[in-house]
Amino acid sequence: MRLSLIQGTKQHRAYLVGAWAFAALVLILVPFVRLPWIFGNPTGQLQNWTRTLAFAVAILGLNLLIGFSGQISIGHSAFVGLGAYVAVITVADHHWSYFAALPVAFVLCFVVGCVVGLPALRIKGLYLVVVTFAIGIVFPTLVIRYETITGGANGKGVTSTIAPPTWTSLDPRDRMDPLRYRYFVLLIVAVVMFVLARNIIKSRAGRAMVAQRDNPTAAAINGISVPINKVIIFGLSAGFCGVAGWMLMVNQPFASDISFSVQLSITLIIGLVLGGVATVSGAIPGAIVVVVISHLFEQLTDAKKLGPLRMTWLASRPGRGGIVSMVFGALLLIFVFVLPGGFIDGLRKLRAKFVTITTRPAWLASINPSHSVPALEASVVATAASPVLADNSTIL
Amino acid sequence: MTTALDATSVSIEPFGIGRKIRRRLEEIGIRGVAVTAGVFVVLSLTFVAMDGLKLYWQRFLDGLANGFIYAAVALALVLIYKATGIINFAQGSMAMFFTFIAWVLSRQQSWPVWLAILTAMLLSSVFASGFERVFIRPFDPANHLPITIVTIALLSLIDGTAIYVWFADPKAFPSPFPSKPRQDYVDIFGARVFYATLGIWITVILMTIGVTLLLNRTKIGLAFRAVSSNLESSRLVGVNVGRTLQFGWALAAAIGTLAGCLVLSDSRTYLEPSFMAKSLVFAFAAATIGGLDSLVGAVVGGLLVGQMQTMIGGYVHFIGSDLVLATTLAIIIIVLLVRPSGLFGKVRVERV
Amino acid sequence: MSLLEIGGLTASYGPVQVLHGIDLHVEEGEVAVVLGANGAGKTTTIRSICQMVSTKGSITFQGQSLTGKSTSEIARMGVAHVPQGRGTFADLTVVENLEVGAFRRKEKNFSSDYDFWFGIFPRLAERRAQLAGSLSGGEQQMLAVARAMMSKPTLLLLDEPSLGLAPIIVQDLFQRLRTIKDEQGVTMLVVEQNASLAFSIANRAYVLEAGAIALSGSADELKNDDAVRKAYLGY
Ligand SMILES: Nc1ncnc2c1ncn2[C@@H]1O[C@H](COP(=O)(O)OP(=O)(O)O)[C@@H](O)[C@H]1O
Ligand SMILES: [Mg+2]
């Protein structure tokens, strides 16, 4: 059976509302569902879902950069780290509330991002790639160096957490309730960030920047300041990662140098590619995959949590930490070749088997073919995806 | 502004003896050279005034050793960048992995060190060729993003494998240079230069000469330069682009492996899966300062960064050695703000 | 059998079809020109021969099909292509450009070839050690032609050699192309917008309009065709 829909009609709108409602339902039910042992104990599971939200926001930030500039950053772990330390330091040492730290994390990362991106005003090419790589490697050394503020290699934690207020009727002393509350708080933050990203992309400036990525000269002729936009986008993507860092700390308030190494950047990039390069919604499946894989690996190799599989040979191997990287690297290679558009692209292909969405009646399309309306997600970025992996011209 | 000035200076017809050198200087931007040299001299005089000539000289020579290593790694990066327009993020990891192979051969199989190093270099070339053929060539060379992602995948794979196989605990690498305790240095004008240091200088210089000859005197070298300059035209004259880039990957891998082994010939560094990270960042800095597309720039940039590292660590006490990496990064950003094409980046003159 | 035979050639950039079934042939030893306005598909035609765009239809060179071959294989078969915009190697010196041009040849020493081409283009001789990127447009065009000829090609493809050059330099260039034609006997397929120049060296001509051959015939026939005269020669 095939469903055939025409974009802009009532049926199509109903389909979209249905899809959205389903997604919302899933997100709301997540903290109440229990998965099998392999996904950890109930609190661990919930914390991982919350962690997924943070990763999704970070991947989204990275995707903004790739989508707009076609460039990859291998140093955004530093911005995640910066956001995290802003949260931990202000809350632990200066007794701020977490919520006060949130805008600071965003703004500080935005500003640092802009400063770092500044030379891009004058330099074309790979400058940002090189500098971001350096930043990614430098950040942990700074954490060590300023040990008195950051706690250095021993890390720094906060004892206070965001507790559910009374009107929620959640019990602050319950094992699960505070975690559920934090999940929902961060869910709201994540939704705000996603809406923000979508609006940035759909804005006039956003479209202009996509145009710039595909054809810098044309954009310049149209009076768009290419380099300034580039700097701002870099700042924004850094800001998103800062927020993600803050989210990680709300979830599990502990930061140390190794949690924000280049390895984290690579993990984010893997999530990004797995989800879908230069898409908005791809950040979600991407984040789920990287968090779940890291977690599964921990479950399987931690001697204390061996579970029924009893992989003792692995748990006793000192180099077992390398396996996650190997799995991630292999996955990345497989995806670039087999499904270069990531999960989102895969989903679209799958959906295309059951649902056909005709863009517009042919006579309308011929009048203004460039004006196809983005549907469920605002991936204008994806629609113009020429330097991107796949030609994602259809939209989920 | 700067670019325009330099561009006009290139069009002046050079003549007479040394015109080749002069043209070369003009190509790489004579102002960049002059300014850099000026800053260098002024700082050097300051440092000499601070702690005396002897200490300065010692530090200068130490910095040179680091610099040559960074130059080698930067050379590998720039080779790939010039030809493909991408940064091979896996360059450092490949170097690390095959340095481990050299270690396995020399320590566990008891091969002579140099034979082990050469074998590792060869193996790394074979590996890089194969990897290029299977995972890079299927992509359109003009489409950089997927290729960059593939190099990141390779980085993750190699790092993971190295950690799995060799763990994270540091291992001592056999020195390829004479290293008998207390007889392992020479005296150069009052400064103590270890044979290892001297060996690094000589090895990198020889290697650079070798690479230059390879690129300038052989057919594959010419093809490589042609592909770096204009991909489409290279195809039109019948250059096999795929195989030429494969050569570039192989060459860069071998250089990287050699550099990895040289990093470890300093007895204070140990072999462990992340030992290349620091050198890699300094090499990135060197390549960027050098203008990313210039082989000469990579070498000069490497030497400069080596000096920066030693001098900042030695003289600028409030920064100290922990922050050298961060300071170098800051300096790069400032340099690039002032001179976008890097100190030695070639100013391209394109008249239509 | 013609040296180059193209039948029912269509070509597209992504979803956009640009050529709609072109038939064209070039005989051994002659010069064929393809005339046409901007955007008619001349460059696309010549790029199709070198398989730089995706094509359908048949292209045979010396009886061998070129479709599906790689651009560099085709170059090694003896098809030299001077692309629109010249495509010189800006970072290589003039001599090195010539050396790359001879890439498909097996010999090691090309100094007599250099001398020969420097004889034809003396301006290049003065600049032999200079980077090609620093040459003027006219010099670059000469270099591009000389580079293509260094491969001792069977077929030379020239894409708008007059583009962006001052009239006097264009005259000079075509003078030399004529010399090359007479002395080297190389078969050429020249794409041009400048019809009078093109006719000055052509034996055969095609007029391309909107991706299809509108007119074809011997150069003399077309030169005197009223439509061609009005549209391309301006009298
Ligand atoms: N790279 C390209 N991508 C898409 N369309 C192209 C491309 N190159 C040329 N075209 C289109 O193909 C048509 C023919 O172009 P071209 O062969 O360059 O014409 P000519 O050389 O006769 O001026 C034009 O309409 C042009 O817009
Ligand atoms: Mg044309």
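These entries record what I looked up on a helix pair in chain A and a domain pair in chain C.

I worked from a predicted model, in which local features need pLDDT of at least 70, side-chain atom pairs count only at pLDDT 80 or more, and totals for chains, interfaces and linings use all residues. Residues are numbered from 1 along each chain as its sequence is written, chains are lettered from A in the order in which they are written, and side-chain values use heavy atoms, without hydrogens and water.

**Entry 1: helix pair, chain A**

I looked up α3 (residues 76-94) and α4 (residues 98-117) of chain A, which pack at about 145 degrees with axes 9 Å apart. Helices are DSSP runs (H or I, at least four residues), numbered from the N terminus; axes are lines fitted to C-alpha atoms over the stretch in contact, with angles from 0 to 180 degrees between N-to-C directions. I then listed the contact (heavy atoms within 4.5 Å): α3(A) contributes residues including A:F79, A:L82 and A:V86, and α4(A) residues including A:Y98, A:L108 and A:V112. I noted 12 nonpolar, three polar and no charged residues there, with Gly counted as polar and Tyr and Cys as nonpolar.

**Entry 2: domain pair, chain C**

I took the bounds from an automatic or database domain assignment: domain 1 is 1-78 + 155-235 and domain 2 is 89-152. Their C-alpha centres lie 24 Å apart.

I recorded about 1200 Å² buried between the two domains of chain C, 77% of it on carbon and sulfur atoms. Buried area is the accessible area (1.4 Å probe) lost on putting two parts together, summed over both. In domain 1, C:L173, C:R176 and C:I180 lose the most area to domain 2, together 34% of what that side buries.

I searched this interface for salt bridges and the rule finds zero; the rule asks for a side-chain nitrogen of Lys or Arg within 4 Å of a carboxyl oxygen of Asp or Glu.

Methods:
Helix = DSSP H or I, 4+ residues; strand = E, 2+ residues; numbered from the N terminus.
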